[in-house]
Amino acid sequence: MTTIRQRRVGKGTEAAEDQPSEETNVEPDGKILPDPPGRKLWSILSITVGGIVAISLGLLTSVYVATLHENDLWFSNIKEVEREISFRTECGLYYSYYKQMIQAASIQQGLHGLVYDNKTESVRTINILERMNVYQEVFLSILYRILPIQQYLEPVYFYIYTLFGLQAIYVIALYVTSWLLSGTWLSGLLAACWYITNRVDTTRVEFTIPLRENWALPFFAVQIAAITYLLRTHLQPAQERLTLMAVFMATFLFSLTWQFNQFMMLIQALALFILDCLDLLPTAKVTWLYIIQISGLLLVCVLQFFNSMILGSLLISFNVSVLITRIIQKNLKKGGLPERLGKLILHVLLVLCLTLLINKFIKKILNLESDEHIFKFLKAKFGFGATRDFDANLYLCEEAFGLLPLNTFSRLSSTLLFYVYGFVLFLLTVAAVIVAFRNLRINVTLVFSSISGSNQAQLKEKMKEYTVTLKPDAAYSLAHTVLFGCLALSTMRMKYLWTSHMCVFASFGLCSTEVWKLILKCLHLHTSQRTQVIKYSIPIITLLYISFKFWPGIMDELSELREFYDPDTVELMNWIKSNTPNTAVFAGSMQLLAGVKLCTGRTLTNHPHYEDKNLRERTKQIYQIYAKRSPGDVYGILRSFGTDYVILEDSICYERRHSRGCRLRDLLDVANGHIMDGLGENEPDLKPSLYPRFCEEIKKNLPSYTTHFAKVFQNKTFHVYKLAKHK
């Protein structure tokens, strides 16, 4: 946090770790004095009121998103198959394991079915608990079975209400983080209000309920709140131990519930590393956070049957490298400016080189290739050469993995959030730069050496008045928001990690005594009373503006009633359940097959959980049904995966959602070395295919196709063909 005070003995935040905060009464020797009785009573009253407001806002947010979900789908009135279809793409896949556990004869049998699963990928037996982050579905299904609620609550409602309940925890965690940073619960109230009024950009839980991030982000917010408290000065040993335990539990639950945990925590580790190098955080606490990240991830690795993708994560390699390099470079933060800069550069290079070496060694030992598609995607995304890799292009062409749209900022600005955020970000960045340079021993004593007498005394008084400091918790919040902001700008899907913390960061800056004190002193307008008036009046005015502008819209939104309507998919699912054997194997698009598994329980050839190299290769082969391939080739591919039925979708075969070059059929053509359909340029080495597009030609019922495929179902959207079983 920024403030103005006399520069004390020592440097940076390392020294500040032994100093009381400005709000605390202290003796000259640094001992903390007890608060006066009146102040203590007021503090208890404030904490009580603030806590009640936090819990109330969390519960209201939970009810709000649950109501939106009900109003959008009329969830309470639609049939079970329609409810399940509403869990689109990978959401349906995850929910299917919850349903599978609920319907199992016993908990043991349900767990056995997950560990030895042969219905998610045909002709293969896989361990779902090892491959996917579905422990939350397992826990919830066991809880539903043992609690006496079956007569009162359907399994699907127990599931979705749990997710909506986690939103309450999410909002409370954001509220508490902002409160801890600013020292007033008014800041938490503002953060929660911004989160709700910017719902379109802060969460998507109401229409993607089972998505992994909706499970994980509340725990991530709790972890950030705990870290914020941990970085406060003058914690008692018992408080510090309890806080570390809270950080560990939140980190563990976050890691357990989302497959992208390692990448998010790598960014968090980078923030800690940068701040530690610049002496903005206490090294001992940063070390504990590195260890907690490693131990939490390794515990998840054990629970996921030693998932190799976790062992080969960059996070573990990076954190281990930092800890090893610290042992090698023991006196990193000692010496003059040239010496410290040299040590710092060497430290960064050592960490990076050691990280790459350790990671490469682990992947070589484990023969790990599960995450290679992510690095191919990143390489192509940031312009390190074009690629014809099908998996990388599949990500590149999805809007969710593109740059953050500019209209996001106009929406965030309409609530004043982005304007306040930009102002606070600029102010704290300047403060961080000043403190970082001072910590690297760019010392004002050089200036004093050329000045003597009364002039030197006057200059020292000026320096005392305008010395800038940055509290460790504020420094971490700054680094966190900058790095996750960069991630959100580059990948739209990750904006929810940034925008929620943006609410915290902006509200904290607007309600911070130190921020307003610094601004007013720079303008030569500072008085204690004026600072307090502005600190409370500006946030209250902002809250009133948000309430008057957005309350009518929220009420209109809550009164708007819609209904789920997807008759073609419902008809398809009902037909599959009624007209195909339970052992039938279905091929098709990843998104549709997740719904087929959930609604019908049939075996799949592929699915949307893409973090496996064999599955990615399998999916590319299955998708040849939309490429220019001969009927014999397609039949051979499908039968190699045990396919009995293949589902073709007109929305993919004749796709118009993406432009030329990003349609699925274009990606397949380029990967196969064929010229794309339609007007436009093609790369010179692409050749015309010898065969027409399979999904179009099969509908003509030519003998070369009917020999292998027989149409058994058709509606306006889907065409289902049964594969002949040749001897």
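Which residues line the second largest cavity? Before you click, remember that this is a predicted model.

**Stop 1: the second largest cavity.** Select Gln 167, Tyr 170, Tyr 195, Thr 202, Thr 203, Arg 204, Glu 213, Asn 214, Leu 217, Pro 218 and Tyr 496, and you have the lining. The space inside is about 60 Å³.

**Stop 2: the largest cavity.** Next, pick Tyr 170, Leu 174, Thr 177, Leu 217, Phe 220, Ala 221, Ile 224, Tyr 496, Leu 497, Ser 500 and His 501, which line the largest cavity. Helix H8 (155–182), helix H11 (212–230) and helix H25 (495–510) are the elements that each put two or more residues into this lining. There is about 80 Å³ of space here. Try the class coloring again: this time it's eight nonpolar, three polar and no charged residues. In total, the model has three cavities of 30 Å³ or more.

Stop 3: Switch to a surface view and select Ile 324, Ile 328, Leu 346 and Leu 350. Together they make a nonpolar patch of about 340 Å². Helix H16 (314–328) and helix H17 (337–366) each supply at least two of the patch residues. Click on Leu 346, which sits in H17. Its relative accessibility is 44%, so Leu 346 counts as partly exposed.

Stop 4: Most residues other than glycine have a negative phi. With that in mind, zoom in on Trp 74: this residue is not a glycine, yet its phi is positive, at about 55 degrees. You'll find Trp 74 in the loop between helix H2 (37–73) and helix H3 (80–85). Is Trp 74 buried or partly exposed? Its relative accessible area is 39%, so Trp 74 is partly exposed.

Last, jump to Leu 416, in the loop between helix H20 (407–414) and helix H21 (417–439). Leu 416 also has a positive phi, near 75 degrees. With 25% relative accessibility, Leu 416 counts as partly exposed.

Methods. Residues are numbered from 1 along each chain as its sequence is written. This is a predicted model: local features need pLDDT of at least 70, side-chain atom pairs count only at pLDDT 80 or more; totals for chains, interfaces and linings use all residues. Side-chain values use heavy atoms; hydrogens and water are left out. On a 1 Å grid over the protein atoms alone, a cavity is a set of points where a 1.4 Å probe fits but cannot get out, and a pocket is an open set with protein on both sides within 12 Å along at least five of seven lines; lining residues have an atom within 4 Å of a point. Grid points are joined across faces, edges and corners, and a volume is the space filled by probe spheres set on the points. Helices (H or I, at least four residues) and strands (E, at least two) are DSSP runs, numbered from the N terminus. Ala, Val, Leu, Ile, Met, Phe, Trp, Tyr, Cys and Pro count as nonpolar, Asp, Glu, Lys and Arg as charged, and the others, Gly among them, as polar. Patches are made of residues with over 30% relative accessible area and no salt bridge: like charges are joined within 9 Å, nonpolar side chains (Val, Leu, Ile, Met, Phe, Trp, Tyr) within 5 Å. Accessible areas come from the Shrake-Rupley method with a 1.4 Å probe; for residues, only the protein chains shown count as cover. A salt bridge is a side-chain nitrogen of Lys or Arg within 4 Å of a carboxyl oxygen of Asp or Glu. Buried means under 20% relative accessible area, exposed over 50%, partly exposed in between (1.4 Å probe, protein chains only).
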